[in-house]
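Thanks for making time this morning.

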Amino acid sequence: MINVLLIEDSAVFVMGLRLALGAADGFGAVDSVATPGSAVSFLNSHPETDIAVVDITLEAETDGLTLLGIIRDAFPAVKTLVLSHYKKPAYILRAISSGACAYLAKDSSPESIVQAIKDVDSGQCLFFGETIDSAKITRIFGGEEKLQARKPQGLTPRELEVLQLATSGYSNPQIASALEISLNTVDSYKERIKGKFGLDSIVECVAHAVADGIVTV
């Protein structure tokens, strides 16, 4: 039996998902919390939880994307699946890079959501719902192999941070200050980013990354 924790602040959505899971075979306890803090407390006291279904836009002190990383590091036995209104590649990249096994949009059919939870529990990983262009996401990661490594375009998490800050208009000194690194290190990261994109300037990298949804403006 699959024990599920719904981390969702919409009572209506929780009710609908509870009904869908309750009507399906193979599920045990289906609990819900509305905030990241409550999710951590629940998982600490319920080690039998198998799957956490996470909304990334929680109205709380920590967003769902940050919570994914917390669950990955603190509760490695718990697998995570994201359900979100957002289909932006930048959100999907962050979710997958933060440990999510799957990412589905909330306009997915109830049947596909239930099946996705079962698939994640059985060990399947890195797939997307029927309303998300999975081929585009795979391309953004630089192919299936790099998707498995969860590194968009082969970028490390820190390189992705530098690229996002550059996209947001941060100067090199501002990036160095924000990330608490030296200016030389910022330059080194930018050179690596250009090399991985195969482009001559960081401006071109930013344009390419924005067009593909790797970063947001």
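Predicted model: local features only at pLDDT ≥ 70, side-chain atom pairs only at ≥ 80, totals over all residues.

**Contacts, overall form and sheet**

Among contacts in the protein (heavy atoms within 4.5 Å) between residues at least 6 apart in sequence, 63% join residues at least 24 apart. Residues are numbered from 1 along each chain as its sequence is written, and side-chain values use heavy atoms, with hydrogens and water left out.

As for secondary structure, the protein has 11 helices and 6 strands, where helices (H or I, at least four residues) and strands (E, at least two) are DSSP runs numbered from the N terminus. The radius of gyration, taken over C-alpha atoms, is 18 Å, close to the 17 Å that the globule rule (2.2 Å times the number of residues to the power 0.38) gives for 217 residues, so the protein is as compact as a globular protein of that length. Of those 217 residues, 47% count as buried, meaning under 20% relative accessible area with a 1.4 Å probe, protein chains only.

Turning to the sheet, 6 strands form an open, parallel arrangement in the order 2-1-3-4-5-6, two strands being paired if DSSP finds at least two bridges between them. Strand 2 (27–33) and strand 6 (127–128) stand at the edges with a single partner strand each, so one side of each is left without a neighbour in the sheet. Strand 6 is joined to strand 5 (residues 102–105) by 2 bridges, and Phe128 in strand 6 is the bridge partner of Tyr103.

Note on methods: Buried < 20%, exposed > 50% of the residue type's maximum accessible area, 1.4 Å probe, protein only.
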